[in-house]
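Here is a short tour of the pockets and the helix packing in one structure. Please have the sequence and the model to hand as you read.

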Amino acid sequence: FGFSTMAAAALGNTLSDGVGVFSGGVVEDMAAKAGFEAPPLSRAQQALPSTKRWERAGQLLGITVGCLIGMFPLLLINWKD
């Protein structure tokens, strides 16, 4: 396609982030079917700094895993050529 390395990396990162957003819903649906439920938090609990930190940590983990999965094609490169 004639992309530069940086352009290809940016497109791959964008794709993996997008897949991560949609797969989050799939993971939540699978967890619900397995019997897991979101904890019943009051509005005050939802606004707590510790709750927000854990929410952000979960999002960060999801994005990081998505980006690492997006790097999978790098394992298929024949580096000897």
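Predicted model: local features only at pLDDT ≥ 70, side-chain atom pairs only at ≥ 80, totals over all residues.

Residues are numbered from 1 along each chain as its sequence is written, and side-chain values use heavy atoms, leaving out hydrogens and water.

**Pockets**

| Pocket | Volume | Lining |
|---|---|---|
| Largest | about 750 Å³ | 13 nonpolar, nine polar and three charged residues |

On a 1 Å grid over the protein atoms alone, a pocket is an open set of points where a 1.4 Å probe fits, with protein on both sides within 12 Å along at least five of seven lines; lining residues have an atom within 4 Å of a point. Volume is the space filled by probe spheres set on the points.

The largest pocket holds about 750 Å³ of space. Its lining has 25 residues, and Gly 24, Val 27, Glu 28, Gly 58 and Gln 59 are the closest to its centre. Helix H1 (5–33) and helix H3 (49–70) are the elements that give two or more residues to this lining; helices are DSSP runs (H or I, at least four residues).

Around the second largest pocket are 13 residues, with Ala 8, Ala 9, Gly 12, Gly 70 and Met 71 nearest its centre. H1 provides the largest share of that lining, seven residues.

**Helix packing**

How do H1 and H3 pack, by angle and axis distance? Their angle is about 130 degrees, and their axes are 8 Å apart. In the contact (heavy atoms within 4.5 Å), Asn 13, Ser 16 and Asp 17 of H1 meet Ile 63, Gly 66, Cys 67 and Gly 70 of H3. By class, that makes two nonpolar, four polar and one charged residues; Gly counts as polar, and Asp as charged.

Notes. Axes fitted to C-alpha atoms, helices over the stretch in contact; angles between N-to-C directions.
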